[in-house]
Amino acid sequence: MPSFDVISKINYPEFDNALANCLREIGNRYDFKGLKISIERKDKIITTLAPDELKLKQVNELLQIHLIRRKVDPRVIAIKNSESAAGTTIRQVSELEEGISQDNAKKIIADIKKLKLKIQIKIQGEELRAEGKKRDDLQEAMSAISAIDIGLPIEFVNFRD
């Protein structure tokens with residue numbers, strides 16, 4: 001029976017390359033010269049240090065630009081509120097979101113059921129598996145899932161006939 005999986009994964013090597021490019025540009029930019037600005041990633045936590053809110057916002061925008069250049073969707077970063085750190089610096093801790101949550105999975109399943117396609121969608125951990133008898137129904141489901149905005153990038157893998 002034809003099937004495919006719906007996943008949301010982060011390409012960590014490309015993410016790290018974008019982060020390194022961003023840090024390189026921060027080191028070269030004239031408006032950032034002499035300022036203590038840093039971005040670190042440990043597992044799924046990104047810590048950004050900047051002297052003020054304006055610089056913090058500029059660093060976040062710069063990181064998003066570099067992520068787009070490396071073809072990593074910037075929606076994977078869940079930016080949290082900033083807080084005061086040592087001295088006059090401001091720290092912002094953000095998280096990387098990966099996988100499809102139960103709420104988003106249920107939303108996708110409900111929207112696909114409204115189309116009345118003859119396919120079954122099952123939740124398997126943080127991904128979905130869609131199965132159906134006709135390949136055309138699965139392709140129609142793919143286009144419908146692509147149109148649903150859950151705030152994360154979605155990929156279709158393991159398409160089998």
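Predicted model: local features only at pLDDT ≥ 70, side-chain atom pairs only at ≥ 80, totals over all residues.
Helices here are DSSP runs of H or I with at least four residues, strands are runs of E with at least two, and both are numbered from the N terminus. Helix α1 takes in residues 12-28, and its 17 residues should span 24 Å at 1.5 Å a residue; the end C-alpha atoms are 24 Å apart, which agrees.

**View B. The largest nonpolar core.**
A nonpolar core is a set of buried Ala, Val, Leu, Ile, Met, Phe, Trp, Tyr and Cys residues joined through side-chain atoms within 4.5 Å. The largest one has 20 residues, and Phe 4, Ile 108, Ile 112, Ile 119, Ile 121 and Leu 128 touch the most other members. At least two residues of this core come from each of β1 (3-7), α3 (102-114), β7 (119-124), β8 (127-132) and α4 (135-147). Helix α4 gives the largest share, five residues. A second, separate core of 18 residues includes Ala 18, Cys 22, Ile 46 and Val 76.

**View C. Around Ile 121.**
Zoom in on Ile 121 and skip its neighbours within four places in sequence: Ile 109, Ile 112, Leu 128, Arg 129 and Ala 130 are in contact with Ile 121. Contact means heavy atoms within 4.5 Å.

Side chains of opposite charge can pair when their charged atoms come close. In a salt bridge, a side-chain nitrogen of Lys or Arg is within 4 Å of a carboxyl oxygen of Asp or Glu, and the structure holds 11 of them. Here the side chains of Asp 5 and Arg 129 meet at 2.6 Å, N to O. Asp 5 is in strand β1 and Arg 129 in strand β8, 124 residues apart, so to speak distant parts of the chain. Both Asp 5 and Arg 129 are buried. 

**View E. Arg 75 and its partners.**
The side chains of Arg 75 and Asp 149 meet in a salt bridge at 3.4 Å, N to O. Arg 75 lies in the loop between α2 (53-69) and β4 (77-78), and Asp 149 in the loop between α4 and β9 (155-160), 74 residues apart. Arg 75 is partly exposed at 38% relative accessible area, whereas Asp 149 is exposed at 53%.

**View F. Lys 80 with Glu 95.**
Another salt bridge joins the side chains of Lys 80 and Glu 95, at 3.8 Å, N to O. Lys 80 is in the loop between β4 and β5 (82-84) and Glu 95 is in strand β6 (residues 90-96), so the pair ties together parts 15 residues apart in sequence. Lys 80 is partly exposed, at 38% relative accessibility, and Glu 95 is partly exposed too, at 36%.

**View G. Phe 4 and two aromatic partners.**
Rings of Phe, Tyr and Trp (its six-membered ring) pair if their centres lie within 6.5 Å; planes under 30 degrees apart count as stacked, over 60 as edge-to-face and the rest as tilted. The structure holds two such pairs. The rings of Phe 4 and Phe 156 have centres 5.6 Å apart and planes at 80°, so this pair is edge-to-face. Phe 4 sits in strand β1 and Phe 156 in strand β9, 152 residues apart. Phe 4 is buried, at 0% relative accessible area, while Phe 156 is partly exposed at 27%. With Phe 159, the centres are 6.3 Å from those of Phe 4 and the planes are at 15°, so that pair is stacked. Phe 4, Phe 156 and Phe 159 form one aromatic cluster.

Conventions
Residues numbered from 1 in each chain as written. Heavy atoms only, no water. Buried < 20%, exposed > 50% of the residue type's maximum accessible area, 1.4 Å probe, protein only. Expected span 1.5 Å × (residues − 1).
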